[in-house]
Amino acid sequence: MSLVSLRNVTKTYPSPDKGGERIVAIEDVSLDIEAGDVYGIIGYSGAGKSTLVRLINALEPVSDGSVTIDGEEISGRTERELRSVRLGIGMIFQQFNLFNAKNVWNNVAYPLRVAGWPKDRITARVDELLAFVGLSEKARSYPDQLSGGQKQRVGVARALATEPRILLADEATSALDPETTQEVLALLKRVNTEFGVTIVVITHEMDVIQSIATKVAVMDGGRVIEKGDVFDVFSNPQNASSRRFVSTVIKGIPSPAELAVLQERHIGRIVTISFRDGNADQAAVFLEIVNAGVAFELVYGGINDIQGRAFGHLTLALRGDDAAIDSAIARIAESTHVTEVR
Ligand SMILES: Nc1ncnc2c1ncn2[C@@H]1O[C@H](COP(=O)(O)OP(=O)(O)OP(=O)(O)O)[C@@H](O)[C@H]1O
C-alpha cells in the first residue's frame, strides 16, 4: 500500500470574473508515493505543484477524486480529524516561515506545545533535533541572527518535531545560494535515510531532483504528464511536453535559439545524439560517421549525472555527401536517439 495515494484528483477554483469558467488547477492526477521515497514534483510555474501540496497536506479539499494517506481517505473528513492527519505531515517552505519573535529553541518547541507534549519530552526532543540539524549552539539565537541555510535547518527541525512520516518541501531551497542548497539537500537526505521520513519535494530546480529524488513526476497545465524513476524520466522522456520541459533543465540540449545560432555558424547538417549509461557505444557511433566518409565537428554538448548514472547529448555538424550522412544517421538511430535540425 502506498503511503500517499492520489486517485483521479481534480481541483478547481471559482473564476475571478463573475459567471466565468472555473480555474482548473489540478486535472485528473493519479500518483502513488511509497514509504521511503524522495519524490520530486517538477514543472513550469503555474503547473499546479503548490496546489497538489495543499491537497496532500489536507489544507484544501479536492473537487473530485480521492487522496489517501497511509490507507486513510482524507476527503470528507471533519476539521478535527484532519488535524491529526496534518500532525503526521511536516512542511518546510521557501521563505522558512519561522517565528521571528521566538528563538530557535522555541521555534522548534512550538508544534510540540500545540500538540500538548509534556515539558520534559519537549526538552529532550528539541535538544535532539537541534543536535541533528547541527544547531545546538544557536538554540538561544533569533531567526534574524541566522543565515538562510541555518534558518532552513531550523525549519527542518521544526517540521520533524512531532515525528511525522512525511515531509513536504515546497521550493525549500529556492531562496538559497547553490552551496547552501547542497547543504540543506544533504540534510534532507539524512532525514530520509536516518529517520525513514518520506519526502515530497516541489521544485523548479533540476539540482534538487538530481541530488536527492528517487522518483519524479513532471507536471504541466495541472496534469502529471510523466512520472517514474528520475534517471529514466530525465534521460529518456516519453512525450513531447515532458521532453520540452526536461530540455530546459538538463545540460547539453541546445534551445531553439541556440540551434539557430549553430546553424548559422557551422557548415553542414546539425544533429543531436543522446547517450545514456551504456545504451550506446560512443565509439561505434563515431565509427559509423567516419566509415560513411562523413566529416564531423562537435558544436554543443553536456553530460548529466543523476546519482552516479550518466546521460548526455552531443550536437555535431556533419559534412559530406547527403546520402552518406542519411545512411550514417539511420545506422546511429538503430542504437540511440538522434534528431536532426531542419
Ligand atoms: N486559491 C486559488 N484561487 C484561484 N486560482 C488558483 C488558486 N491557487 C492556484 N490557482 C491557480 O491554479 C494554477 C496552478 O497554480 P499553482 O500555484 O499550484 O502552480 P505551481 O506549479 O505551484 O506554480 P509556482 O511554481 O508558480 O508556484 C494556476 O493557474 C493558479 O493561478
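Okay, so a definition to start: two strands count as paired if DSSP finds at least two bridges between them. Strands themselves are DSSP runs of E, at least two residues long, while helices are runs of H or I of at least four, and both get numbered from the N terminus.

What you see here is a predicted model, so local features need pLDDT of at least 70 and side-chain atom pairs count only at pLDDT 80 or more, while totals for chains, interfaces and linings use all residues. Residues are numbered from 1 along each chain as its sequence is written.

Four strands make an open sheet, ordered 2-1-4-5, with antiparallel pairing. Strand 2 (23-33) and strand 5 (72-73) sit at the edges with a single partner strand each, so one side of each has no neighbour in the sheet. Strand 1 (residues 4-13) and strand 4 (residues 64-69) run antiparallel and are joined by five bridges. In there, leucine 6 stands opposite valine 67 of strand 4.

Now, the ligand. Which residues are around the ligand? Going by a C-beta atom, placed from the backbone, within 6 Å, they are Tyr13, Ile23, Ala25, Gly43, Ser45, Gly46, Ala47, Gly48, Lys49, Ser50, Thr51 and His204. Strand 2 and helix 1 (49-56) are the elements giving two or more residues to that shell, and helix 1 has the largest share, with three.

Over residues 4-246, the chain is 38% helix and 26% strand, and the end C-alpha atoms are 25 Å apart.
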